[in-house]
Amino acid sequence: MSLVVKNLRIEIGDRAVVDDVSFSVPEGARVGLIGESGSGKSLTALAILGLLPDGAHASGSILWDGREILGLPDRELARLRGDDIGMVFQEPRTALNPIRAVGRQIGESVRIHEGVSRREALRRAVAEAERVALPDPERIVSRYPHQLSGGQRQRVAIAMALACRPRLLIADEPTTALDVTIQAGILSLLRSLVHDVGMSLVFITHDLAVLAQVATHAVVLEHGRVVEEGAVTDLLRAPSSPVTQALLRDATATLWHPELPARGVATDDAEETP
Ligand SMILES: Nc1ncnc2c1ncn2[C@@H]1O[C@H](COP(=O)(O)OP(=O)(O)OP(=O)(O)O)[C@@H](O)[C@H]1O
């Protein structure tokens, strides 16, 4: 299933915060949306998910599997988010319920999607926890979010998003709140899950070094407009826009080099203390 965004425009008040944005995500592709803070990345993602804030108005076209989804009624958008499109955000704390064991939360995603019994949902939660490489899955499912580390919480959020078996995952700065070494583990997890499941990925970041670890194609935004687009390898080798050049300078300034596969050491954060 492919995603095609055409001439997307998002207005808030009388200001166009996203203007004439077009890009497509073929089935199985990993596409990064990159740009400085305020360039319109998150609003573009929220428009795809049908979750724009009150007061924001979107026009243009968003085709999912050839069907127009911009302007669909809330109910249908909610169904799409449950069935086809999963999401992971920057701060897993906001996605998790603090007073529920994480296994129940992962299981709830399975239950909503597949209508299985509570018992079966818990069994599946353990399997999902294992899939996202959480340590000691049988035990960890009975823990509460505050008993886990930041990296472990983000793995739970990813397990919840993937429990619905989405065809597209939208991840908005999912590693920004994490230490660099924990980041590397989450990025490699996302990369392998996306590859194994064969789903597509839209990955949002302001960091080209992070983007290079997960995406093969990038769309560069500035002030709500696309300023450059292409294969990540080309962007790294010969960035044409000043924005991309600046992003590359920022990335290399942190001791990362485009020929290195990952910044930081890709460790499993199982030993990380909360
Ligand atoms: N609810 C809102 N009300 C008013 N303006 C908003 C709202 N949400 C976003 N904006 C404005 O829209 C523009 C694009 O915001 P957006 O969050 O999409 O940027 P971004 O590239 O994701 O930035 P960041 O990396 O900081 O999240 C910004 O100028 C922002 O101030």
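## Helix 4 against helix 5

In this predicted model, helix 4 (residues 102-114) crosses helix 5 at roughly 110°, and the two axes come within 8 Å of each other. Helix 4 is therefore roughly perpendicular to helix 5, since angles of 65 to 115 degrees fall in that category.

On the side of helix 4, the contact is formed by Gly103, Ile106, Gly107, Val110 and Arg111. Helix 5 contributes Ala121, Leu122, Arg124, Ala125, Val126, Glu128 and Ala129. Sorted by class, the residues of this contact comprise 7 nonpolar, 2 polar and 3 charged.

## Helix 5 against helix 7

Helix 5 (residues 118-131) also packs against helix 7 (residues 150-163), at an angle of about 120° and with the axes 9 Å apart. These two helices are therefore oblique to each other. The crossing of helix 5 over helix 7 is right-handed.

Glu128, Ala129 and Arg131 of helix 5 meet Ala159, Leu162 and Ala163 of helix 7 in this contact. By class, the contact holds 4 nonpolar and 2 charged residues, with no polar ones. Glu128 and Ala129 of helix 5 take part here and are also listed in the contact with helix 4.

The model contains an open sheet of 6 strands in the order 6-7-8-3-9-10, with mixed pairing. Strand 6 (85-88) and strand 10 (225-231) form the edges, each pairing on one side only. Neighbouring strands of the sheet are turned against each other by 15° on average, with direction ignored.

Within this sheet, strand 3 (residues 30-35) pairs with strand 8 (residues 200-205) in the parallel sense, over 5 bridges. Gly32 has Phe203 of strand 8 as its bridge partner. Helix 11 (residues 242-253) lies across strand 3, strand 9 (217-222) and strand 10, and runs at about 110° to strand 9.

## Surroundings of the ligand

The residues around the ligand are Ile12, Val17, Gly35, Ser37, Gly38, Ser39, Gly40, Lys41, Ser42, Leu43, Pro53 and His206. Helix 1 (residues 41-49) supplies the largest share of this shell, with 3 residues. By class, the shell is made up of 4 nonpolar, 7 polar and 1 charged residues.

Gly35 belongs to the residues around the ligand, and strand 3 covers residues 30-35. His206 is likewise part of the shell, while strand 8 covers residues 200-205.

Key: Residues are numbered from 1 along each chain as its sequence is written. This is a predicted model: local features need pLDDT of at least 70, side-chain atom pairs count only at pLDDT 80 or more; totals for chains, interfaces and linings use all residues. Axes are lines fitted to C-alpha atoms, for helices over the stretch in contact, and angles run from 0 to 180 degrees between N-to-C directions. Helices (H or I, at least four residues) and strands (E, at least two) are DSSP runs, numbered from the N terminus. Angles under 35 degrees count as roughly parallel, over 145 as roughly antiparallel, 65 to 115 as roughly perpendicular and the rest as oblique. A crossing is left-handed if the near helix is turned anticlockwise from the far one by less than a right angle, and right-handed if clockwise. Two residues are in contact if their C-beta atoms, placed from the backbone, lie within 7 Å. Ala, Val, Leu, Ile, Met, Phe, Trp, Tyr, Cys and Pro count as nonpolar, Asp, Glu, Lys and Arg as charged, and the others, Gly among them, as polar. A residue is near a molecule or strand if its C-beta atom, placed from the backbone, lies within 6 Å of it. Two strands pair if DSSP finds at least two bridges between them.
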